[in-house]
Amino acid sequence: MPRTRPQDLGLVTLRLPVGAYASLLHRITGVLLMAVVGWAVVLLRRSLQGPEGFGAVAHAVRGPWGHAIGPLATFVVAQHFYGGIRHLAHDAGWGFGRKRARASAGAVMICAVLTALGALYLWP
C-alpha cells in the first residue's frame, strides 16, 4: 500500500494561517522579552551608578549597537504586547471566526511593525 501522507511536516512546508504565525510569534517574542528585560535592567543599573555610568549608557544607546538593538527590542515588546491583547480578546470571546481571526492577527503584525519603524525613526 503506497503512502499517501506527506513526509515532511515542517513549518516551511505547511501553509499555516496568519493567526498561527501571530501566535507563534507571540510565543517567540515572549522568550525574547526575557532577554530584553535583562538588557534593560543591566543598562538601568549601570546608568544609576553615577554620571560616568549614565554617560556610558547614553553613548551605548546612541551608538551602532543601540540603533540595531533598540528598535528590535521595541518590536519584540510591541509584538508581544499587541499579541497579548489579541489573546485576551479571544479569552473574552471576541475574534472567533475566520474573518475576525485573520483581521486581528494581521492587525497585530502590522501594528508591531509600525511601532518598530516608529522607534527606528525616532531613535536618538
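A residue is called buried when its relative accessible area is under 20%, exposed when over 50%, and partly exposed in between, with a 1.4 Å probe and protein chains only. By this rule His26, with a relative accessible area of 14%, is buried.

This report describes a predicted model, in which local features need pLDDT of at least 70, side-chain atom pairs count only at pLDDT 80 or more, and totals for chains, interfaces and linings use all residues. Residues are numbered from 1 along each chain as its sequence is written, and side-chain values use heavy atoms, with hydrogens and water left out.

**Helix H1**

Helices are DSSP runs of H or I with at least four residues, and they are numbered from the N terminus. Helix H1 covers residues 18-47. The expected span of a helix is 1.5 Å times one less than its number of residues. H1 has 30 residues, and the distance from its first C-alpha to its last is 41 Å, close to the 44 Å expected. A kink of about 25 degrees is centred on Leu32 in this helix; the bend at a residue is the angle between axes fitted to the seven residues ending there and the seven starting there.

The buried residues of H1 include Gly19, Ala22, Thr29, Gly30 and Val36. Those buried residues pack against H2, H3 and H4, where contact means heavy atoms within 4.5 Å. His26 is also found in H1. Leaving aside its neighbours within four places in sequence, His26 is in contact with Gln79, His80, Gly83, Gly84 and His87.

Not counting residues up to four places away in sequence, Val18 touches Arg102, Ala105 and Met109. Met34 also belongs to H1, and it counts as exposed because its relative accessibility is 60%.

Gly63 is placed in the loop between H2 and H3 and is buried, with a relative accessible area of 15%. Helix H3 itself covers residues 64-91. Its 28 residues should span 40 Å at 1.5 Å a residue, and the end C-alpha atoms are 41 Å apart, so the two values agree. Among its buried residues are Gly66, Gly70, Pro71, Arg86 and His90. The buried residues of H3 pack against H1, helix H2 (51-62) and helix H4 (98-122). Gly93 follows H3 and has a positive phi, near 95 degrees.

**Separations in sequence and in space**

| Pair | Apart in sequence | Apart in space |
|---|---|---|
| Met34 and Ile110 | 76 residues | 23 Å |
| Val18 and Val76 | 58 residues | 18 Å |
| Gly63 and Pro124 | 61 residues | 9.2 Å |

**The largest pocket**

Rolling a probe the size of a water molecule over the atoms shows where empty space is left. On a 1 Å grid over the protein atoms alone, a pocket is an open set of points where a 1.4 Å probe fits, with protein on both sides within 12 Å along at least five of seven lines; lining residues have an atom within 4 Å of a point. Grid points are joined across faces, edges and corners, and a volume is the space filled by probe spheres set on the points.

The largest pocket has a volume of about 160 Å³. Its lining consists of Leu25, Thr29, Leu32, Ala35, Val36, Ile69, Leu72, Ala73, Phe75 and Val76. The elements giving two or more residues to this lining are H1 and H3. Nine of the lining residues are nonpolar, one is polar and none is charged, where nonpolar covers Ala, Val, Leu, Ile, Met, Phe, Trp, Tyr, Cys and Pro, charged covers Asp, Glu, Lys and Arg, and polar covers the others, Gly among them.
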